[in-house]
Every structure is written in C-alpha cells, then in structure tokens.
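Please look over the sequence and the structure below.

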Amino acid sequence: MIRASDMRFDGGLLRQAFGCFPSGVTAFCAMVDGVPEGMAASSFTSVSLDPALVSVCVANTSSTWPRLAEASRLGVSVLAGEHGSVARSLASKNGQRFAGVDWVATETGAVLVHGATLWLECSIYEVVVAGDHAIVLLKIEALDIYPDVPPMVFHRSGFHELASSA
C-alpha cells in the first residue's frame, strides 16, 4: 500500500493512483488542412443525454489539441481490444501517427478508426479550463455502434483487452 496526504504527492504518484481506475481508450481525431490529426485519449466519459454530450480531457501542453480545436467536426472512436498499436501510434509525440491506422473521414471532417466499438461524430459544445487540462465537452451529432466489438481498456499505464465471458 502507498499512502500520501497533506498534498505530499507529485505527478508520478498521481498517475499511479489514477492508473488504478480502468478506462476505455478513444481516438480523438479530425481532418485539419487536408490531413488527419488526432490523439489517443483515455479520459473520455459520457456527460449528458439531453443534450447528447460526452467529454475528453486534453493536456494544456498538447500540440495536437489546438489544431483539432479548429475543426468543425471531431471524431471519437472507442477503440477495440485489438487496437493496441493504434493507441500507441496516436499517443506518440512524433512520427506519422496515422501510419498503419485504418481510418475514414466523414464529409464534415471527423476522422474515425475502422474496427472501433463506437464512432461518435461531434462538434465542440464547450471547453472548460481545469488545472493543467481542458475538459472538452462534445455534442454528439451522429453515431455508429458496433456492440459485438469488445473495447480496449487502459489500466496501470497499459492497454488491455477484455476477457470474453463466454
């Protein structure tokens, strides 16, 4: 067990603590100046049914988010268990993030990853400053659900597939 109190914790300890909570992994992408831009985000959650809202948190230090923020539509793909290489590619700081990624762009410029369990085409609803991140509230404009595709899970700094219950 590790215990910290009275604000005696740093970013490394907080990452370790936050890593105890498993989350899904998304690709957060759009066409920008005719090329796909995107990032992996595990800080995705549903927010509201009416209006239909989800959120993604992005670091203030992100060089990708300012480019995505200019897009009229953003794609959120909930990645499948087999998308480990896609998540690593989209999470990389350099190189061709979309090399080897099977994706499609909608007519409005949202970029979606093939084989995902869920596709959301979204517009930016609101951006909330929250410490060293921005909470990006997204309004769902269209969706495609693939309920038979098991999602990927991010837990303790690693990507995992869910085990089949059958």
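F98 counts as buried because its relative accessibility is 12%; buried means under 20% relative accessible area, exposed over 50%, and partly exposed in between, with a 1.4 Å probe and protein chains only. The model is a predicted one, in which local features need pLDDT of at least 70, side-chain atom pairs count only at pLDDT 80 or more, and totals for chains, interfaces and linings use all residues. Residues are numbered from 1 along each chain as its sequence is written, and side-chain values use heavy atoms, with hydrogens and water left out.

The structure holds three aromatic pairs (rings of Phe, Tyr and Trp, the last by its six-membered ring, with centres within 6.5 Å; planes under 30 degrees apart are stacked, over 60 edge-to-face, the rest tilted). One of them joins F98 and W103, whose ring centres are 6.0 Å apart with planes at 70°, so the pair is edge-to-face. W103 is partly exposed, at 29% relative accessibility. W119 and Y146 also form an edge-to-face pair, with 5.7 Å from centre to centre and 75° between the planes. This pair links distant parts of the chain, 27 residues apart: W119 lies in strand 9, and Y146 in the loop between strand 10 and strand 11 (152–155). Helices (H or I, at least four residues) and strands (E, at least two) are DSSP runs, numbered from the N terminus. W119 is buried at 12% relative accessibility, whereas Y146 is partly exposed at 33%.

Strand 5 is largely enclosed by the rest of the structure, because five of its seven residues are buried. Strand 5 pairs in the antiparallel sense with strand 4 (residues 44–48) over four bridges, where pairing requires at least two DSSP bridges. The two strands form a hairpin with four residues between them, and F44 stands opposite V56. Strand 5 also pairs with strand 10, again antiparallel, over seven bridges; there V56 stands opposite V136.

What is the size of the largest nonpolar core, in residues? It has 19 residues, and those with the most contacts inside it are F28, V58, W65, L68, L74 and L138. Such a core is a set of buried Ala, Val, Leu, Ile, Met, Phe, Trp, Tyr and Cys residues joined through side-chain atoms within 4.5 Å. Strand 5 (53–59), helix 2 (65–68) and strand 10 (133–145) are among the elements that each supply at least two of its residues. Beyond its neighbours within four places in sequence, W65 is in contact (heavy atoms within 4.5 Å) with F28, M39, V58, I124, V127 and V136. A second, separate core of twelve residues includes C29, L79, V86 and V113.
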